[in-house]
Amino acid sequence: MEIIIAEKPDQGLKLASPFQFKRRDGFIEILPNEVFKNGAYCTWAIGHLTELCPPEFYKQEWKTWKLQTLPIIPEKFQYKVTKSKYKQFTIVKQLLNKHEVSRIIHAGDAGREGELIVRNIIQLSGVKKPMKRLWISSLTNKAIIDGFSKLLDETDTRTTYYEAYSRACADWLVGMNASRAYTLLLQQRGISDVFSLGRVQTPTLALIVKREKEIANFQSKPFWEVNATFDVQGKVYKGKWHKDEETRLDDEAMANKIRQFCEEKEAAIQSVEKERKEFQPPYLFNLSALQATANSLYKFSPQKTLEIAQKLYVKGLISYPRSDSSHVTKEEAKMFPEILRKLLHFDDLGSFFPVPQPSILDNKRYVDEKKVSDHYAIIPTEQVPQLAKLSPDEQQIYLLIAKRLIAAHYDQAIFDYTTIHTVVDERAMFISKGKQEVQAGWRKVIYSGKKKQKRDDDDQDLPLVQEKETGTVKKVEVRQGKTEPPKRYTEGQLITLMKTAGKHLEDSDLVKVLKQTEGLGTEATRAGIIKGLKDRKYIEVKRNQVSATNKGILLIDSIGESLLSSPEMTAKWEQRLHEIGEGTASPSDFMNQVKKLSLKLIEDAVKQSESWNFSSYNLEEFRSRRKGKKTRGAKTRGTKTPGTKIGTCKKCNGDIVDKGTFYGCSNYTTKKCNFTISKKLLGKTVSQANVKKLLKGEETNVIKGFKKGDNTFDAKLSFVDGKLKFVYSGEGE
């Protein structure tokens, strides 16, 4: 008999769904079938069931934050079971120890985090039994059955575990030491707050702070442009005065002189330039592209897009969402005609059929095995849904992914770009630009249903004119404008910026590495990094615009030119981790380098602190924020102060925060959202850990001692149809 260990409960249920099974507490019993002759147990983690041990686990003196105890470098890193998830760990451990279980099937997500999550559970259980690896990119019944029939040996993915383990330990070292060093040094300057630093979050914050400073230091200047309307033998168009291709003047008087000179003068076509451009259909989605697109169209945060895509994946409707690839293999491409035949029945998609290209099997733009790593691009599966059964948000993300696949089967879009050079009275030069759509191609799919943007003078429909034709200046005017600062990044642009970080830098060896790898973070972690920056009050997001807070700016100013704020460290780091995953680099050598780096970061922080000058900051903000609180750890876990974020509102997607006597939505003032969860229910306290489970759509742990009249009972809590309900175990749990 075998035991299957999935990463999450809903994935465990999906893996068991092709077979007959019985639900149990914390696991599923799969009945004997063709795939599992003796049946199987299917159980799961709940995300990470384990976590790296805190500093005090290794040495008690490391519990208190002191510069004298840094750097904190354990001889050997160890994991422990997360306290709030101990019950599920116990269930998994008991199943692993059953004598009838002869083999383990590791069914975590097919990536380095999934590899780490499940292997850590097995190692902490102390059970040593033969293990196989399920490695699939889709949760359709067909993909699941095929995956179980083609299991990998655990040695095939063991180096991926080493990569994940090395990353986790190295991030712990840098984050723990740097966070304590800067927090303690800033406290010496009267800044009583906790500052969290990390190898990915800190350079990401540095990019946001850099843009914030560009905006703050920007000095707007007025400029003037001279715009003319020409009539050339009844053909009317507009043009803009220029000299050496510069259209802006910084002298209003000169602009008015040009206007006066041009009024009612003769105009002649000096030249007409035409260029035809062809635009290929967009690539299939990887996660970053999907997040950026959903943010641009629907203002979805990257985290929200990932959560929606994960739900669609678990339902078997799309392939693995955390993919970094925009390509597929021939095996997937062979399924596209069948998928398209099913998609054509959707009301929202039917008008795009038949597609111009019935097959893209030989199109290297999309089908290239060399560009597929762990996972292929995000595509719809052959398991097509009834859209009405999906939530509105799920429908939007699913249709985005479906349209990308359809667009890949369309021809290129073709535009003619025209530039007219007009001279007035043989002296004043004007330029006119416009474009004309020759073939809509794939744009018919991607831009369907969108409002047409108002076209400006640089994108006008130009008439057909010939060189040396003459006419007159029909109208001329001076328009005043002013230079504008660079815009703040949207969350979608920030995702793209993190992925491409380093491309704007000079080609040092490290930056070349960065361009070859993932930039800042990975597809799976970028949304979480941005969320972490928000939770730590380093950035704010209002109307989809990302701005740095005073706390974020102060931290980056403190760090200065350290490696911590540069993408280059992450570039070298990710490259070495990739080599560990490939089996070509030593994890121990990598960790030795990280230990040396941790010491250097502390030395740099102490040296930099000697020249800190915070005279331009209002430090009262930081003194009052944590007045009277003791610094216990890099994370403020376990705090129960009002305002602590607990999770995401089930009504409006706002933040659920601890409001003292209850948990409520932070959008109460702005959106009148009245979603609340009481801290006390029938005499029992509902803990933050259990509220977090409820907000994720999970059941709570069993809460013992609810009182109703003279009766006392034990139960779990769950949201059913938007209402809080008791879930009785029937077994006196």
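Q: What makes K435 count as a charge over the ring of F415?
A: In this predicted model, the charged end of K435 is 4.9 Å from the centre of the F415 ring and sits over it. The distance cut-off is 6 Å, and the atom must also be within 35 degrees of the ring normal.

Q: Which lysine lies over the face of F261?
A: K265 does, at 3.9 Å from the ring centre. The same cut-off of 6 Å applies.

Q: How many aromatic pairs are there?
A: The count comes to 23, with ring centres required to lie within 6.5 Å.

Q: Why is the pair of F19 and F148 called tilted?
A: The centres of F19 and F148 are 6.3 Å apart and the planes stand at 55°. Stacked needs under 30 degrees and edge-to-face over 60, so an angle between these limits is tilted.

Q: Which parts does the pair of F19 and F148 tie together?
A: F19 lies in the loop between α1 (9-16) and β2 (21-24), and F148 in helix α5 (residues 141-149), so the parts joined are 129 residues apart in sequence. Both F19 and F148 are buried.

Q: Why is the pair of Y79 and Y165 tilted?
A: The ring centres of Y79 and Y165 are 6.2 Å apart and the planes are at 40°, so the pair is tilted. Y79 belongs to strand β6 (residues 79-81) and Y165 to helix α6 (residues 158-187), so this pair links parts 86 residues apart in sequence.

Q: Are Y79 and Y165 buried or partly exposed?
A: Y79 has 14% relative accessibility and counts as buried, the cut-off being under 20%. Y165 has 23% and counts as partly exposed.

Q: Which residues form one aromatic cluster with W172?
A: The cluster is made up of F57, Y58, F77 and W172.

Q: Why is α6 called roughly antiparallel to α19?
A: The two helices, α6 and α19 (residues 567-582), pack at about 150° with axes 7 Å apart. Angles over 145 degrees count as roughly antiparallel, and that makes α6 roughly antiparallel to α19.

Q: Which residues of α6 and α19 meet?
A: Among them are Y162, R167 and V174 in α6, and W573, L577 and I580 in α19. The contact of α6 with α19 divides into 6 nonpolar, 5 polar and 3 charged residues.

Q: Why are α1 and α10 described as roughly parallel?
A: The axes of α1 and helix α10 (residues 302-314) cross at roughly 20° and come within 10 Å. The limit for roughly parallel is under 35 degrees, and therefore α1 and α10 are given that label. D10, Q11 and K14 of α1 make the contact with Q310, Y313 and V314 of α10. These residues divide into 2 nonpolar, 2 polar and 2 charged.

Q: How do you know that helix α23 is mostly covered?
A: In α23 (residues 688-695), 6 of the 8 residues are buried. They are Q688, N690, V691, K693, L694 and L695. Just after α23, G697 takes a positive phi of about 85°.

Q: What is V727 in contact with, leaving aside its neighbours within four places in sequence?
A: V727 is in contact with E699, A715, K716 and S718.

Methods:
Residues numbered from 1 in each chain as written. Predicted model: local features only at pLDDT ≥ 70, side-chain atom pairs only at ≥ 80, totals over all residues. Heavy atoms only, no water. Phe/Tyr/Trp six-rings, centres within 6.5 Å; stacked < 30°, edge-to-face > 60°. Helix = DSSP H or I, 4+ residues; strand = E, 2+ residues; numbered from the N terminus. Buried < 20%, exposed > 50% of the residue type's maximum accessible area, 1.4 Å probe, protein only. Axes fitted to C-alpha atoms, helices over the stretch in contact; angles between N-to-C directions. Parallel < 35°, antiparallel > 145°, perpendicular 65-115°, else oblique. Contact = heavy atoms within 4.5 Å. Nonpolar A, V, L, I, M, F, W, Y, C, P; charged D, E, K, R; others polar.
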